[in-house]
Amino acid sequence: MYFDSKKLKEKHNIGDERAALYEAAETWMDALKGRPFLGGPNPNLADLSVHMAFCAPLRTLYLAKT
């Protein structure tokens, strides 16, 4: 996993992981445009994938003692 993460960081030009994660979350919030879910009134597959991609790492960062 360590080497995979290094390859992904190089591929996507990510210097600061935390800043990149927060930037991606802001992009997602802008895409919602005030709706509760991206699919409208009901969640769709995109909403579920965001939950898995963002919520778990953000919770980990929030609870981590730095």
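Colleague: In which loop is Lys33 found?

Modeller: Lys33 is found in the loop between α2 and α3 (45-63), where helices are DSSP runs of H or I with at least four residues, strands are runs of E with at least two, and both are numbered from the N terminus. This is a predicted model, in which local features need pLDDT of at least 70 and side-chain atom pairs count only at pLDDT 80 or more, while totals for chains, interfaces and linings use all residues. Residues are numbered from 1 along each chain as its sequence is written, and side-chain values use heavy atoms, with hydrogens and water left out.

Colleague: Why is Lys33 called exposed?

Modeller: The relative accessibility of Lys33 is 70%, so it counts as exposed (exposed is over 50% relative accessible area, buried is under 20%, and partly exposed lies in between, with a 1.4 Å probe and protein chains only). Lys33 also has a positive phi of about 50°, although it is not a glycine.

Colleague: Which value of phi does Asn13 have, and what makes Asn13 exposed?

Modeller: Asn13, a residue other than glycine, has a positive phi near 55°, and its place is the loop between α1 (2-11) and α2 (17-32). Because its relative accessible area is 69%, Asn13 is exposed. As background, most residues other than glycine have a negative phi.

Colleague: How many helices and strands does the protein have?

Modeller: There are three helices and zero strands, and from the N terminus on the elements run α-α-α.

Colleague: Which residues make up the largest nonpolar core?

Modeller: That core has five residues, namely Leu21, Trp28, Leu32, Val50 and Phe54. In soluble globular proteins, nonpolar side chains tend to be buried together.

Colleague: What does Val50 touch, not counting residues up to four places away in sequence?

Modeller: With those neighbours left out, Val50 touches Trp28 and Cys55, a contact being heavy atoms within 4.5 Å.

Colleague: Is Ala19 buried, exposed or partly exposed, and what makes it so?

Modeller: Ala19 is partly exposed, because its relative accessible area is 38%. This residue of helix α2 is 44 residues apart from Leu63 in sequence and 16 Å apart in space, C-alpha to C-alpha.

Colleague: Why are Lys11 and Pro41 called exposed?

Modeller: Lys11, in helix α1, has 62% relative accessibility and so counts as exposed. Pro41, in the loop between α2 and α3, is exposed because its relative accessible area is 65%. From C-alpha to C-alpha, Lys11 and Trp28 are 21 Å apart in space and 17 residues apart in sequence, while Pro41 and Glu17 are 32 Å apart in space and 24 residues apart in sequence.

Conventions:
A nonpolar core is a set of buried Ala, Val, Leu, Ile, Met, Phe, Trp, Tyr and Cys residues joined through side-chain atoms within 4.5 Å.
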